[in-house]
Amino acid sequence: MQLVQHERHRMGLWAISWRRSRLLFIGGFLVGLVVPSAVFADVISPYSPYDIDVANKLQPPGRTHWLGTDEFGRDVLSRIIHAARISVKVGAVAVSVGLIGGGMIGITAGYFGGPIDMVLMRFMELLFSFPAILLAIVLMAVLGTSILNAMTAIGIIFIPGFSRLARAATQEVLRQQYIEAAHTIGMTDLRLLTREILPNVITPLFVEAMAAFAYAVLLESSLSFLGLGAQPPEPSWGNMLNTGRGFMDQAPWLGIVPGMAMLIGVLGFNLLGDGLRDFFDPRLREAV
Amino acid sequence: MADPLLQVQAVSKTFGFGGVFWTRRWLQALDQVDLEIQRGQTLGIVGETGSGKSTVCRIVLGLIRPTAGRVIFDGRDLTLLPASEMRRVRRQMQAVFQDTASAFNPRQTVQAALLAPLEVHRVGSRGSRLTLVEEALHHVGLDTSFLGRHPHTLSGGQRQRVAIARAIILRPSLVVADEPTSALDVSVQARILNLFKEIQRELRLTYLFVSHNLGVIRYVSDVVAVMYLGRVVEVGPVDQVFSAPQHPYTRALLEAIPRADPTKRQRDIPIMGEIPSAYRMPSGCRFHSRCPVAMEICSHEDPPSYPVGENHRAACLWHDRRFVDGAPSWIASLS
Amino acid sequence: MSGAPRAHRHGDRPPVLGIEGLSIEFAMRRGAARVVDGVTLEVWPGEIVGLIGESGSGKTMTALSVLGLLPRTAKITAGDIRLSGTSLLGLPEAQLRAIRGRDIAMIPQNPMSALNPVLRVGAQVGEPYVLHRRADWKTALAQAVRRLTDVHLPLPDERASEYPHQFSGGMQQRAMTAMAIALEPQLLVADEPTTALDVTIQAQILRLLREIREEHRTSILFITHDLGVVAETCDWVYVMYAGRILEQGSVERIFAHPGHPYTQALLRATPAAEPAQAELVSIPGTIPSPLDLPRGCRFLDRCPYRFEHCNEEPPPLAVETDHTARCWLLEAVNG
């Protein structure tokens, strides 16, 4: 049945039917709301997120301010959109730190094995055993509170997860016969690592990166909720949620709106990650 | 006139698994293996699971170091070479493995896979390399339209041709083939085997050919070595060994093969029992627990290799001067 | 097995397995891939019938359809499958499940993946008794040990409480066979049961299957690509290619006078250990894609004897009594 298997493989992206890839489409849609907003924040915001207009403070959602105004009269919609930018920035940097750092550690551990593997993995396990929020708080306490430090802290939190994934993927690749063939040809370790192992390990890491992005957004929001991330007047979903708390009876939209925004962002990335995972795995291995 | 390109001398290999110190389990994969291949010839190695035939391949290719013994290739002892020298020697010996989907990097095209050996050994310039790639494809009967394709889009037979092209592109003197046709259909196998023979003539290659299929070995080999549990139990010219085997295991193997002739069905099962685990090697002769003609002494004496004909040896006590008089009829005595 | 034509030897009783005009298709973007096309075959009580074909022939799909285990994407578009006269198609899943295991059982190619790694072997072999005969576990286990003895597994009591990974390949296949014959089914479907086994173990398993046929009058549909195995084990042979049966007949006749050029080519392409072959003749070209089947004879593009008439697909024509092949050359002979 080799032939039919081959045909299915060639179908690729365009053969995805709606039924089988709901996750991918929904996730993609939601992410499509968040990321372009973040990128084009300046263009699409109706107002500046910093403009104070005390006369119009605590307006409910209406025609001039679609999502209302906060306690300083700032347009909530504009603040939400700019907050998306912070979340996406932090997410992107943190995931990159985790991916590159964790990837390198994992591939090294997987490739060399033995004592190197043991030492690296024990260290990763140590890091992994801390609850994420706690670790982030500790790191922020050490580094100081700012967006940049938030990115670094979250990135560090991601490293063990990615390293474990990279290590497993590397070990799987090492079992393949083309690695043996490469040794037979006389390939140097460096070339083997960059040309043969790395490209084949990237895919699962990339899929995980999507899910990590979601988690990063959540972590950033938590940190700024606690006052450790973006500092005022910078809007962040987390700190907006925090201030919104205090106004729940007067102006409930101040709490609900950032909450909804977070929901969309986190859910979107999670679904996209799951969708990608499903897309890559069973499709390629589906026997006919 | 003997001109051995490759000599395996008293090679033994033991693998260790798990545990530390006294809890470590040891597996003896090879025990005092002696083999020789003359330039331009094909040595076939045949054996079942646990015979050690794949381990021999890996030791010859330098992918694993032997625990004891030497591997002499073109006059040089490979076990003594430093890694940098070894890399240079690798140009002279290449391999074709059993084609599973994993013989090639799935992200590379056929062209990239064929260029890799040339790039690693810095052969020629960018332009001349492409010519060499095309030549190699030509040798294996594929046209240049295959260059841009990915290996997983090819059929098993086509993939194996590309694997052969990759093996010959550096113009090695020795090619090690480890079960290269086991995953292929009968008709495709025939084509690949004929291709192997053709290329051997054209490029004056020497082959080490491993298979569990005796028919395949008969077709491609000049000399055959039969292995069982890490030992060479019989070795000699393939026509002699297969028409008049001198070791009970070789005989049993030949008997056990189903023949494409319904009038010649097996009457008795040639061999009983399971292949013993290599962790618990039988005492004395390794084969005695399943041997249809075993003597009492076979369970405590381990036979050396006895000469039984021209360039033909067998490790069976029936060839020993002490016992040869009472030997089964098919044992041909040298005396 | 000469004398009366095959069907008439059994009087009025229907065949154990009757497949008539079976067609199976996969729906693909570019159209329907017909992987099994109008296949008709029969297995009579006590027969071992070989279905031989290379990859892409459709033999595995045929086997799966008998068991009702086709993948979801495959559809039976024509024909019927009858077990002792009763049609299996269109039966509700509950009834099929009752039949599977009790009346039809399967021996798969890879026993390791067919055995549950976390259950003891005895429990797995005993399961059919619990599921189909409502036996209690104690009885089931006792029966399991008895079946393991039937398949000549040494020390069956101890083995029954072991796990599959503690068994060798041959032992696993024996355990699968024990499970398959537990309820004395009418039909065993063996899908390449010895392909993954060593030659000497294969001989034992083939012997075991013949024994089961002798003692229980179980019919066996034996799927394989190995001509030698067919010659060794089967009474009747169907040769399958690109979804069609090209030739069928008794095993003696097929091997003595192969009627179809494809069968002849397969025989010429199979390397024998003894006696040696001067040449292996390969078959040029490749098997047609099920999406793109030729209008005339399936084997047209690769046949050395093709002529004008071959553009029209030949029906089964007689080679001799009870031996037919789809080849126009036979018409010329028979006049």
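This briefing describes two chain contacts and one residue of the structure. The structure is a predicted model, in which local features need pLDDT of at least 70 and side-chain atom pairs count only at pLDDT 80 or more, while totals for chains, interfaces and linings use all residues. Residues are numbered from 1 along each chain as its sequence is written, and chains are lettered from A in the order in which they are written.

**Chains A and B**

- Chain B gives 20 residues and chain A gives 16 residues to their contact (two residues are in contact if their C-beta atoms, placed from the backbone, lie within 7 Å).
- On the side of chain B that touches chain A, β6 (93–96) and α3 (110–120) of chain B each supply at least two residues (helices, H or I of at least four residues, and strands, E of at least two, are DSSP runs numbered from the N terminus).
- The largest share of this side, 3 residues, comes from α3(B).
- This side of chain B divides into 10 nonpolar, 7 polar and 3 charged residues (Ala, Val, Leu, Ile, Met, Phe, Trp, Tyr, Cys and Pro count as nonpolar, Asp, Glu, Lys and Arg as charged, and the others, Gly among them, as polar).

**Chains B and C**

- Here 36 residues of chain B are in contact with 37 residues of chain C.
- On the side of chain C that touches chain B, α8(C) gives the most, with 6 residues.
- That side of chain C comprises 20 nonpolar, 11 polar and 6 charged residues.

**Gln200(B)**

- Helix α6 (residues 186–203) of chain B contains Gln200(B).
- Gln200(B) counts as partly exposed because it has 17 C-beta neighbours inside 10 Å (20 or more would be buried, 12 or fewer exposed, with C-beta atoms placed from the backbone).
- Not counting residues up to four places away in sequence, Gln200(B) touches Thr42(B), Leu205(B) and Tyr207(B).
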